[in-house]
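Here is a short briefing for a first look. Please take in the sequence and the structure before reading on.

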Amino acid sequence: MTAPPDIARPTKPQETFVLNVGPQHPAAHGVLRIKMTMDGEFVTRAEPILGYIHRMHEKMGENRTWAQFLPNTGRIDYLSALHYNHAFVGVVERALRIEVPPRAEFIRVITSELNRISSHLVWWSAFLIDLGGMTPLLYAFDDREKLLDLLEGVTGSRLTYCYFRFGGLCNDIDDSFIAGARAFVAQMRPRLKLYRDLVTDNIILRKRLEGIGPISAEMCRKYGATGPVLRGSGVAYDVRRAEPYSVYPELAFEIPTYPAGDSMARYLVHMAEMEQSLRIIAQALDKLPAGPVMGKVPRVLRLPPGDYCFAVEAARGRFMVRVVSDNKDIPYRVKLRTPSFSNLSLYEEASRGMILPDVLALLGSLDLVIPDIDR
Amino acid sequence: MSILTTEPVRLLLSLVCIMAFVGLNAAYLVLAERKGAGRFQRRPGPNEAGYGGWLQPVADVAKLLSKQLIVPPGTDSLLFRLAPLMVLSPAMMCLAVVPFSETLVARNINVGLLMVFSFGSIGVMAIMLSGWASRNKFAIISAARVVSQNVAYEIPMLLVVITLLMMTGTMDLNQIVRQQAGGFWHWNFFKVGANPLMPVTFVIFFICMLAETNRAPFDMAEAESELVAGAFTEYAGMGFGVFFMAEYANIVLGCSLATVLFFGGWQSPFGLWPGLLWFLLKLYALIFTVIWVRWTFPRTQFYGLLNLSWKILIPISLFTLLLSSAMLKIFHS
Amino acid sequence: MKASILEVPRGFWSLLVGMRVTLTQFFKPVVTVPYPRKTLPIPARYRGHIELTVDPATGRPLCTACKLCERACPSDCILVDGVKLEGEKKKSVTEYKLDFTKCSLCGACVEVCPCDAIRFSKDYNLASTSKADYNFDLVERLKAGRKQP
């Protein structure tokens with residue numbers, strides 16, 4: 001590989017030019033604008049400029065009742081909407097000490113993990129299109145159609161789910177969902193092997209990703225990066241184990257961690273997480289108890305004054321909702337700590353001195369969803 | 001009948017046929033690629049224009065012809081207009097020496113192979129001209145990359161062809177095909193008696209052919225247009241269409257060459273009824289493989305591409321050359 | 001040195017494995033459903049826009065214009081009004097306007113309704129060229145629906 005610019009001889013401003021990436025992309029990133037200052041081939045500074053899809057969810061939280069905010073949660077990160085649903089209902093349940101029946105908790109876990117697989121399949125497809133391989137998109141979306149049909153049969157929506165309710169779920173699952181989920185798990189494992197044969201083990205892909213975009217654990221800690229970015233740098237931090245919620249303590253799964261810190265490590269973390277999700281779904285389907293899916297919830301929702309938070313391991317990292325209540329039926333403040341925002345913030349430092357295609361590969365490997373950043 | 005067999009008329013007819021062949025192939029290979037891509041991706045491909053999509057190339061050509069041929073101000077107007085011509089003509093010229101069957105060859109010269117490679121290099125120059133004449137800094141960077149890619153991959157290709165030449169002893173393409181008569185075990189691909197690494201030489205030739213024609217996984221020049229404009233940005237309408245046609249014409253040329261050199265050209269696999277049909281079958285099987293490779297792999301990095309050529313393909317092809325010459329010396333002197 | 005030499009045949013083999021994968025997929029049937037020539041069945045719980053339900057005994061809408069759905073809606077899409085007819089305990093709905101341009105299909109209205117008067121429809125062919133077409137008048141739609149068998 002060629003050498004990065006000589007840091008002993010800093011580039012004079014007139015030797016650099018500014019290349020604007022976005023906000024419209026041919027690549028599937030979303031409306032993110034990155035102002036790259038380039039010294040020839042090398043990027044000296046990549047400054048992300050946000051706000052093109054700022055929809056003021058947090059402000060909407062201050063104008064809607066607790067129940068009316070639920071559809072918003074599905075739209076913050078539409079690819080892993082159920083996790084975000086879970087965080088918000090979790091924070092209200094924690095504040096009001098609502099008991100969620102075990103059946104509802106298990107169904108929440110099953111549908112959330114299905115959603116995680118769906119989100120990772122989209123990430124995988126988009127990342128590979130960035131790198132030039134168009135075919136895996138179609139294979140991944142074939143699997144995703146089965147997933148989306150399963151979830152549509154239960155929730156009624158294909159993407160922006162609004163399925164969880166305070167105290168449980170909107171409606172119960174039926175036998176066709178359970179049979180469908182089992183069938184999906186059975187057919188997905190050979191598909192993951194197919195993806196490994198076609199893409200992961202491919203020498204061209206390995207050359208594109210190994211050693212590209214190294215992010216150290218220290219940089220992750222500094223910027224608060226979580227999720228596959230952090231686990232691809234060797235830190236085994238997963239909210240499902242660090243701050244256990246729902247029925248995850250009863251389920252056996254591993255936290256895939258790769259120490260290399262390069263794009264390949266983040267890629268492998270994503271693929272391994274899909275396998276672990278399949279494992280969780282299979283266990284949860286076996287352990288699924290009978291019973292109601294809705295607990296006892298007060299008629300009028302009014303949280304006691306104070307500060308409450310709830311964190312989940314969304315597909316992209318740690319998503320936390322923090323609400324401040326002042327004893328009214330609408331929140332005083334809803335703070336959404338989204339994983340993509342923190343993951344993007346290390347982009348500027350991580351991309352210094354890299355050539356342009358590598359910088360784009362790094363951006364893809366961070367698994368960003370721009371509406372998640374801008375909210 | 002007699003006037004048709006006189007030399008000038010025969011030559012004219014065969015050249016017209018070659019141009020028609022290239023034109024039809026360029027148009028319908030685009031469709032074949034899109035349909036093939038669809039099938040690899042388990043979707044139908046274009047199927048709306050005409051029954052099953054067979055009129056799609058007509059629609060594409062009509063669209064391209066209806067666009068205004070913009071020549072941007074500040075470009076070198078002669079070179080800008082010349083580049084599309086120069087990129088398509090070498091492919092057509094080289095096909096004049098390729099033997100489609102024992103008698104169907106436009107002009108069978110005894111240095112046919114040499115002619116193909118000399119004219120093939122003109123295509124590279126045309127891309128450089130198009131990038132340079134565009135007066136667009138991204139176009140010229142892209143064009144420079146294409147040139148360095150093509151130069152890097154010409155070397156292993158030529159080394160491999162020299163290896164083959166040592167075995168065949170002649171540059172006359174029709175003669176090379178005649179040497180592969182008999183069953184398929186006589187084809188050059190299987191002649192491990194002369195050089196045990198013969199299949200490897202074919203693989204190297206194939207990879208170099210993909211890189212020369214800027215096909216995936218080596219299509220940095222075209223695909224750079226995700227972000228930075230490719231070498232052909234400033235071309236609109238049919239100008240761009242001609243570059244596209246030239247790419248497919250080059251693929252046809254490269255695959256015909258591979259068929260002739262390695263797979264016995266118009267010879268049949270079992271020695272029965274040799275002729276045009278076998279040539280076309282093998283040609284399209286190779287073109288199918290080119291399409292197959294494109295839709296399977298992601299793109300290489302530019303530095304990975306150059307590393308592959310200089311650090312891997314050239315040492316291997318040099319080694320096969322040495323091996324071939326050593327075996328010739330030892331076993332056939 | 002040895003690792004990088006061994007990488008060449010291993011890398012080449014990985015390419016061939018990948019090519020075999022795509023070739024096997026080549027011979028499998030097409031996944032795409034040629035919509036609109038063929039359509040897929042809509043699941044029972046599909047969330048189309050809401051529609052009024054009728055009481056099978058009387059044939060009149062069950063809605064009593066209690067306005068709970070209007071209050072529950074996060075996006076202020078619903079406008080309900082009703083009058084109390086002679087000899088009835090509850091109101092009957094006279095007007096039910098849904099502004100579908102703002103509806104997010106959250107289901108709050110369906111869930112909060114005490115008499116199951118609204119439900120999700122299965123209507124998804126809603127393309128139109130004017131925004132006004134999306135201000136649904138559900139009472140009118142119900143009447144129009146009744147005329148069709």
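Are H8(B) and H10(B) roughly parallel or roughly antiparallel to each other? H8(B) and H10(B) are roughly antiparallel to each other, a word used for angles over 145 degrees, while under 35 counts as roughly parallel, 65 to 115 as roughly perpendicular and the rest as oblique.

The model is predicted: local features need pLDDT of at least 70 and side-chain atom pairs count only at pLDDT 80 or more, while totals for chains, interfaces and linings use all residues. Residues are numbered from 1 along each chain as its sequence is written, and chains are lettered from A and ligands numbered from 1 in the order in which they are written.

**Nonpolar core**

- The largest nonpolar core has 217 residues. Such a core is a set of buried Ala, Val, Leu, Ile, Met, Phe, Trp, Tyr and Cys residues joined through C-beta atoms within 7 Å.
- Buried means 20 or more other C-beta atoms within 10 Å of a residue's own, exposed means 12 or fewer, and partly exposed is in between, with C-beta atoms placed from the backbone.
- The residues with the most contacts inside this core are A:Ala87, A:Phe88, B:Phe205, B:Ala249 and B:Ala258.
- Helix H10 of chain B, residues 238-262, gives the most to this core, with 16 residues. Helices (H or I, at least four residues) and strands (E, at least two) are DSSP runs, numbered from the N terminus.
- Setting aside neighbours within four places in sequence, B:Ala258 is in contact with B:Phe205, B:Phe206, B:Met209, B:Phe263 and B:Leu286. Contact means that the C-beta atoms of two residues, placed from the backbone, lie within 7 Å.

**Helix H8 against helix H10 in chain B**

- The axes of H8(B), residues 198-212, and H10(B) come within 10 Å and cross at roughly 165°. Axes are lines fitted to C-alpha atoms, for helices over the stretch in contact, and angles run from 0 to 180 degrees between N-to-C directions.
- H8(B) passes H10(B) in a right-handed crossing. A crossing is right-handed if the near helix is turned clockwise from the far one by less than a right angle, and left-handed if anticlockwise.
- From H8(B), B:Phe202, B:Phe205, B:Phe206, B:Met209 and B:Glu212 meet B:Gly254, B:Ala258 and B:Phe262 of H10(B).
- This contact has 6 nonpolar, 1 polar and 1 charged residues. Ala, Val, Leu, Ile, Met, Phe, Trp, Tyr, Cys and Pro count as nonpolar, Asp, Glu, Lys and Arg as charged, and the others, Gly among them, as polar.

**Helix H10 against helix H11 in chain B**

- H10(B) and H11(B) pack at about 120°, with axes 9 Å apart. The two are therefore oblique to each other.
- H10(B) passes H11(B) in a right-handed crossing.
- Among the residues of this contact are B:Ala258 of H10(B) and B:Leu286 of H11(B).
- By class, the contact divides into 8 nonpolar, 2 polar and 1 charged.

**Helix H4 against helix H11 in chain A**

- H4(A), residues 102-131, and H11(A), residues 263-287, pack at about 160°, with axes 9 Å apart. They are therefore roughly antiparallel.
- H4(A) passes H11(A) in a left-handed crossing.
- H4(A) residues including A:Trp123 and A:Trp124 meet H11(A) residues including A:His270 and A:Glu273.
- The contact holds 12 nonpolar, 3 polar and 4 charged residues.

**Where the chains meet**

- 20 residues of chain C are in contact with 20 residues of chain A. H1 (2-26) and H3 (108-112) of chain C each supply at least two residues of the side of chain C that touches chain A.
- H1(C) gives the most to that side, with 7 residues. By class, the side has 11 nonpolar, 6 polar and 3 charged residues.
- 11 residues of chain B are in contact with 12 residues of chain C. On the side of chain B that touches chain C, H2 (7-40) and H11 (276-294) of chain B give two or more residues.
- That side of chain B divides into 7 nonpolar, 1 polar and 3 charged.

**Backbone features in chain C**

- A cis peptide bond joins C:Tyr35 and C:Pro36, with omega about 5°. C:Pro36 is in the loop between H1 and strand S1 (50-52) of chain C.
- C:Asp76 is not a glycine, yet its phi is positive, near 55°. C:Asp76 lies in the loop between H2 (68-72) and S2 (78-83) of chain C.
- C:Asp76 is exposed, with 10 other C-beta atoms within 10 Å.
- C:Leu105 also has a positive phi, about 55°, although it is not a glycine. Its place is the loop between S3 (92-99) and H3 of chain C.
- C:Leu105 is buried, with 20 other C-beta atoms within 10 Å.
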